[in-house]
Amino acid sequence: MNKKLIKEIWDWVLHILLAVVLGLIIILYLGRLTIVEGNSMNPTLKSQDILIIESITQRFGSLKQGDIVVLKIPELLDGKQKYAIKRIIAMENQHVRIADGKVYVDGVPLEEDYINTETTWAEGSLYADMTVPQGCLYVLGDNRIPEKSKDSRIFGAVNKNRVVGRCWIRIFPFSEAGPVD
């Protein structure tokens, strides 16, 4: 082989390697696309919505109550699902109580204009009245119809290190594109 061909091949290999490394850095540390599967976040998010989630917020410890996050919790979900998308209801050391169809955090009822029903039920749940442990989050889906969202009412608080990213922007459907609240 001539030196020019070897140099050309080497140049291609370096560019491809650089693109792969840069892509991995973006996916692991900045953000990624995700597709919503299921209706546990109705009416805020619908199945097949395409979102951009950012991975910077949780790295700097600035997640907050009300944020919508993607969690990697395959052992807590049914079937082949690995990820869940939920809203943070309470942070570590906050007290959550679900009673009389309302969610209370530190004794104050939440104003939840984003949920799809008037009430939130948690009959028989071991986690309907608890203080969120250190390093954990209490998360609920916006779809509060019984058995439509597998969330902290069923599996309890989730460790913060399970957060993959915070929902940032919906890019599809185009008619609803924009920041996710």
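Colleague: What is the strand order in the open sheet of 4 strands?

Modeller: In this predicted model, the open sheet has the order E7-E6-E5-E8, and its pairing is antiparallel.

Colleague: Which are the edge strands there?

Modeller: They are strand E7, residues 108-109, and strand E8, residues 129-131. Each of these pairs on one side only.

Colleague: How many bridges join E5 to E8?

Modeller: Strand E5, residues 95-99, is joined to E8 by 3 bridges, and the two run antiparallel.

Colleague: And which residue in E8 is the bridge partner of Val 96?

Modeller: The partner of Val 96 is Met 130.

Colleague: Let us turn to E2. How many bridges join strand E1 to strand E2?

Modeller: There are 5 bridges between E1, residues 31-35, and E2, residues 50-54, and these strands run antiparallel. Within this pairing, Arg 32 stands opposite Ile 53 in E2.

Colleague: In what sense do E2 and strand E11 pair?

Modeller: E2 pairs with E11, residues 163-172, in the antiparallel sense, over 5 bridges. Here Ile 52 stands opposite Ile 169 in E11.

Colleague: What happens to side chains along a regular strand?

Modeller: As a general rule, side chains in a regular strand alternate between the two faces of the sheet.

Colleague: A change of topic: how many aromatic pairs does a search of the whole structure find?

Modeller: The search finds 1 aromatic pair. Phe 172 and Phe 174 form this pair, which is edge-to-face, with 5.3 Å centre to centre and 90° between the planes.

Colleague: Why is that called edge-to-face?

Modeller: The angle between the planes is 90°, and the term applies because planes over 60 degrees apart count as edge-to-face.

Colleague: Is Phe 174 buried or exposed?

Modeller: Phe 174 is exposed, since its relative accessible area is 67%. Phe 172, by contrast, counts as partly exposed, at 36% relative accessibility.

Colleague: What lies over the face of Tyr 114?

Modeller: Arg 87 does, at 3.7 Å from the ring centre. A further case is Arg 97, which lies over the face of Tyr 104 at 4.6 Å from the ring centre.

Colleague: One last topic. Which residues form a nonpolar patch on the surface?

Modeller: The patch is formed by Leu 5, Ile 9, Trp 10, Val 13 and Leu 14, which together have about 470 Å² of accessible area.

Colleague: Where is Val 13 placed?

Modeller: Val 13 belongs to helix H1, residues 3-30. Its relative accessibility is 42%, so Val 13 counts as partly exposed.

Notes
Residues are numbered from 1 along each chain as its sequence is written. This is a predicted model: local features need pLDDT of at least 70, side-chain atom pairs count only at pLDDT 80 or more; totals for chains, interfaces and linings use all residues. Side-chain values use heavy atoms; hydrogens and water are left out. Rings of Phe, Tyr and Trp (its six-membered ring) pair if their centres lie within 6.5 Å; planes under 30 degrees apart count as stacked, over 60 as edge-to-face and the rest as tilted. Buried means under 20% relative accessible area, exposed over 50%, partly exposed in between (1.4 Å probe, protein chains only). A charge sits over a ring if NZ of Lys or CZ of Arg is within 6 Å of the ring centre and within 35 degrees of the ring normal. Two strands pair if DSSP finds at least two bridges between them. Patches are made of residues with over 30% relative accessible area and no salt bridge: like charges are joined within 9 Å, nonpolar side chains (Val, Leu, Ile, Met, Phe, Trp, Tyr) within 5 Å. Accessible areas come from the Shrake-Rupley method with a 1.4 Å probe; for residues, only the protein chains shown count as cover. A salt bridge is a side-chain nitrogen of Lys or Arg within 4 Å of a carboxyl oxygen of Asp or Glu.
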